[in-house]
Amino acid sequence: RATGWVGGGAVVEGGDGGWDADDGAGVGVELDEDVGADAEGVFLSEGDGEAVLVILDALVDVEGGEVGVDGDGVKDIVGEEVVVSCHGVHREGLGVKGGVDVGNPFDTDLVVTNHPPTSDVISELSTNLAILGLLEPLDNPANIALIADTGTTAIAFETLPRITRAQSMDALSSQATLAGYQAVIEGAVLLPKLLPMMTTAAGTVRPAKVIVLGAGVAGLQAIATAKRLGAVVHAYDVRAAAAEQVESLGAKFIELDLESQDQTQAGGYARELAEDDQARQLAALGEHVATADMVITTAAIPGRRAPLLVTETMVEAMRPGSVIVDGAAATGGNCALTRADETILAYGVTIVGPTNLAARLATNASQMLARNAFELITHLSDEDANLLVDPQDEISAGVVVASGGSVTNLRVRELLENS
């Protein structure tokens, strides 16, 4: 069998959603460009001796997520050209050069996905299969337990150790980079004023003030993007090492009278604050947020609800026309008024709650996720392309969350026991 992938939700890049789906067999098409966005599933299967990248049940929704792996990513692994087959879908203008029928998408060795499998997908899993991707093991450990019950080996990007030799495999960081960029772009579109200073014959336009709360990968990219667009940028993070990183990008770090956290603990992530520290944090941040034209929030704690950083009182104190882009909307939001995947107006402030910012840059998101998958697959495989689960290897022990019918990751097991 060929090694295979299933990726989540979408259409080919540049598509207008004009798909005509039917119940026919897979129609093989060879694309001039890589699959960019939105396929309900992508997998590699064998078809007449050729490696076949298959898109399952292509969606009409052009705002869906990126695919789990792109054409270049597949060619890196199989070492040959890839035929892209759209299962049950006909699309004009794709440059069809021939067709192949595809079999069971789960009759493969490996599935790569950019979102957790649904119950319908889990019911198709089996002991001869491995699934790799953004499985949300710390946010939804019960789903990992269901996968484990099938005997499938589950490999999660989220539990990858944050060590130097694993950086090329870090899908969370690659997707967060895109999310940080896109958060600023979306905020800039909604903000009723310029970001940069401009000196014109009509006078000088003052630059907008952008505050970024959370200086992890997404936050740092948001800072860099806002600076490139000419805004005055201030940023805050509870971790001690963040101040130097923020200032290296030309932004001003917001100093609060709180004890900073050691970034070497909790895998480099921020930890939840004690109740009294959080109250002091909110009181101090309120003074800064009130002066901002745009607030970008990116703070997250693995396996926990996103920390509250912007209260309703703080929103009320902001100037009308200001914008908040809540990059943590998927896990509850950093703003008290955020609604997931909605844009609302409260006290004259526009609050955006996107849950998948990276998917709005689906071409790059797919390319980066494919590279992360390739690097991790390469690390976990021997020279004969057999998947190895080595508990003595730090990377393998971290990412393999289920194997042999059991949940194997300690953090996931603890979450299940405490649920």
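The model is predicted.

**Stop 1: the largest core**

Select Val 210, Leu 213, Tyr 236, Ile 296, Ile 324 and Ile 351. These residues have the most contacts inside the largest nonpolar core, which has 50 residues.

Which residues does Ile 296 contact, leaving aside neighbours within four places in sequence? Show Ala 183, Val 184, Ala 222 and Val 325, then Val 210, Ile 211, Val 212 and Leu 213; Ile 296 is in contact with each of them.

**Stop 2**

Next, select Leu 132, Phe 157, Leu 160 and Ile 395. They are among the 19 residues of another core, which lies apart from the largest one.

**Stop 3: Leu 134**

Move to Leu 134. Find it in the loop between β6 (130–133) and α3 (141–149). Is Leu 134 buried or exposed? Its relative accessible area is 12%, so Leu 134 counts as buried.

Leu 134 and His 115 are 19 residues apart along the chain, yet their C-alpha atoms are separated by 5.1 Å. His 115 is also one of the residues that Leu 134 touches. Others include Thr 113, Asn 114 and Pro 116.

**Stop 4: helix α9**

Select residues 362–380, which make up helix α9. The helix has 19 residues. From its first C-alpha to its last it reaches 26 Å, close to the 27 Å expected at 1.5 Å a residue.

Colour the buried residues of α9. They include Leu 369, Phe 374, Leu 376, Ile 377 and Leu 380. Ser 366 and Asn 372 are buried too.

**Stop 5: salt bridges**

How many salt bridges does the structure hold? There are eight.

Start with Asp 393 and Arg 165. Their closest N and O atoms are 3.4 Å apart. This pair links distant parts of the chain, 228 residues apart. Asp 393 is in the loop between α9 and α10 (394–399). Arg 165 is in the loop between β7 (153–156) and α4 (171–190). Asp 393 is buried, with a relative accessible area of 15%, while Arg 165 counts as partly exposed at 46%.

Next, select Arg 280 and Asp 277. The closest N and O atoms of this salt bridge are 2.9 Å apart. Both residues sit in helix α7 (residues 275–289). They are three residues apart there, so about one helical turn separates them. Arg 280 is partly exposed at 41% relative accessibility, and Asp 277 is partly exposed at 24%.

Then pick Arg 339 and Glu 342. Their side chains meet in a salt bridge of 3.8 Å, N to O. Arg 339 is partly exposed at 49%, and so is Glu 342 at 38%.

Finally, show Lys 193, Asp 293 and Arg 319 together. Salt bridges that share partners join them into one network.

**Stop 6: a surface patch**

End on the surface. Select Leu 194, Met 198 and Val 205. They form a nonpolar patch with about 210 Å² of accessible area together. Met 198 lies in strand β8 (residues 198–200). Its relative accessibility is 37%, so Met 198 counts as partly exposed.

Methods:
Residues are numbered from 1 along each chain as its sequence is written. This is a predicted model: local features need pLDDT of at least 70, side-chain atom pairs count only at pLDDT 80 or more; totals for chains, interfaces and linings use all residues. Side-chain values use heavy atoms; hydrogens and water are left out. Patches are made of residues with over 30% relative accessible area and no salt bridge: like charges are joined within 9 Å, nonpolar side chains (Val, Leu, Ile, Met, Phe, Trp, Tyr) within 5 Å. Accessible areas come from the Shrake-Rupley method with a 1.4 Å probe; for residues, only the protein chains shown count as cover. A salt bridge is a side-chain nitrogen of Lys or Arg within 4 Å of a carboxyl oxygen of Asp or Glu. Helices (H or I, at least four residues) and strands (E, at least two) are DSSP runs, numbered from the N terminus. Buried means under 20% relative accessible area, exposed over 50%, partly exposed in between (1.4 Å probe, protein chains only). Contact means heavy atoms within 4.5 Å. A nonpolar core is a set of buried Ala, Val, Leu, Ile, Met, Phe, Trp, Tyr and Cys residues joined through side-chain atoms within 4.5 Å. The expected span of a helix is 1.5 Å times one less than its number of residues.
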